[in-house]
Amino acid sequence: MKWDVSFETKCQGMDLGIQDQYHAISFPIYQTATFSRSRLGEESGFDYTRQTNPTRSQLESVVAGLENAEEAVAFSSGMAAVSAVMHLFAPGDHVIMDMDLYGGSVRLFNQVCKKYGIEFSTADCSSEDISAYIRENTKAVYLETPTNPMMHVTDIEKLAELTRSRGVLLIVDNTFLSPYFQNPLDLGADIVIHSGTKYIAGHHDTIGGFVMTNDRDIADKLRLNVTTIGACLSPFDSWLILRGIRTLAVRMDRAESNAIRIAEHLKQSPHVKKVIYPGLKEHPGYDIMKKQARGFGAMITFEVESREFAEKILNNVQLFYFAESLGGTETLITYPITQTHAAVPKELLEKNGINDSLLRLSVGIEGVEDLIGELDRVFSI
Ligand SMILES: *Cc1c(COP(=O)(O)O)cnc(C)c1O
């Protein structure tokens, strides 16, 4: 669904044709499993909620609009969305995966997809020549940019030129920047994935996932997948995410401006060895970010002087939460090595530089002075 209005306006979820009879401003929660028919041959357009539900359809239309996609399919989690995309492939197909991905995706590829005969190669899409990895049976390149947690930035447009010319799909997990800051389909990607749990829902209160595409055939296969396998998003979760999206643009702006201040502040600390944030001019991906995204996001990875120092921070934070996940209004601090990336093989962790002194911040929308004060306080304990 392509509307000719601003992103901020699209977030308000205008009337997309699935109007309820009372014209409610807050789209109703159609909490029903099934829909009746008045007679044989007549139907309302909805049969059974695993297949379609008005609240979910409204959400899918809104989310498709945010990514400038013809179609968005909602799933019960980000991982259900990733696995639906993997179901597009068959035994003997080959997929090139970026070396720095969300740990759950790495686990899915290594522990589930390989069992079903899909082959994987691991590459650094931000710096390597990907054409060297393409084989006869290569079907897709799968990446995140910026990556989780090392913030490598891949030039989507440049890679899309290669994948297009070789008949390979380009799949981008766009969770980290949200559609507010980056639209991979506009840059030539074929499929975009979101963990809706993160910025899109935005309040750490529900789990959901989305796949967007402009390819009719792929969209049909994804619909068949959700209907058949059944990892559909519930009406209530669909409604929560619709509600979260209303403030997506303002949340992203505030979280990003907080993140820029915090990244600068961390750089000044003698206890911090390295700050990895693509909004810092010295970040190797800064220029590509400027070209392909409208912002830098609010995820910061930083390395402190020792494992003990990292542990001290995690054990003493009060204003931040020591928790997995990202993209909500509250600031979270994560320890990738034991949390988000616990399922990643040790050699790959080492290769990526994910060590026991590395911390990841999902910067929220609190008062930035409070966040800086909290960092100073835990650093000086
Ligand atoms: C969280 C996350 C996922 C998985 O999403 P869930 O909603 O937790 O299932 C996938 N990709 C990225 C980048 C994530 O951060």
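This report covers the ligand site, the aromatic pairs and some backbone features of one predicted model.

Because the model is predicted, local features need pLDDT of at least 70 and side-chain atom pairs count only at pLDDT 80 or more, while totals for chains, interfaces and linings use all residues. Residues are numbered from 1 along each chain as its sequence is written, and side-chain values use heavy atoms, with hydrogens and water left out.

**Ligand site**

Which residues are around the ligand? They are S77, G78, M79, Y102, E144, D173, T175, S195, T197, K198, G208 and L326.

| Residue | Protein atom | Ligand atom | Distance |
|---|---|---|---|
| M79 | polar backbone atom | oxygen | 2.8 Å |
| D173 | polar side-chain atom | nitrogen | 2.6 Å |
| K198 | N or O atom in the side chain | oxygen | 2.8 Å |

On its own, the ligand has 380 Å² of accessible area, and the protein covers 93% of this. Such areas come from the Shrake-Rupley method with a 1.4 Å probe; for residues, only the protein chains shown count as cover.

**Aromatic pairs**

The whole structure holds nine aromatic pairs. Rings of Phe, Tyr and Trp (its six-membered ring) pair if their centres lie within 6.5 Å; planes under 30 degrees apart count as stacked, over 60 as edge-to-face and the rest as tilted.

F109 and F120 are stacked, 5.0 Å centre to centre with 10° between the planes. F109 belongs to helix α4 (residues 103-113) and F120 to strand β3 (residues 119-123), so the pair ties together parts eleven residues apart in sequence. Helices (H or I, at least four residues) and strands (E, at least two) are DSSP runs, numbered from the N terminus. F109 is buried at 0% relative accessible area. F120 is buried at 13%. Buried means under 20% relative accessible area, exposed over 50%, and partly exposed in between (1.4 Å probe, protein chains only).

The rings of Y180 and F181 have centres 5.0 Å apart and planes at 50°, so this pair is tilted. Both residues are buried. With F7, Y180 and F181 form one aromatic cluster.

**Backbone features**

Where does S178 lie? It is in helix α6 (residues 178-181). S178 is not a glycine, yet its phi is positive, near 65°. Its relative accessibility is 1%, so S178 counts as buried. H204, also not a glycine, has a positive phi of about 50°. H204 sits in the loop between β6 and β7 (209-213). It is partly exposed, at 29% relative accessible area.

Cis peptide bonds join T145 to P146, with omega about -5°, and N148 to P149, with omega about 5°. P146 lies in the loop between β4 (138-144) and α5 (156-166). P149 is in the loop between β4 and α5.

Notes
Near = heavy atom within 4 Å. Polar contact = N/O pair within 3.5 Å; in protein donor to acceptor, adjacent residues only side chain to side chain.
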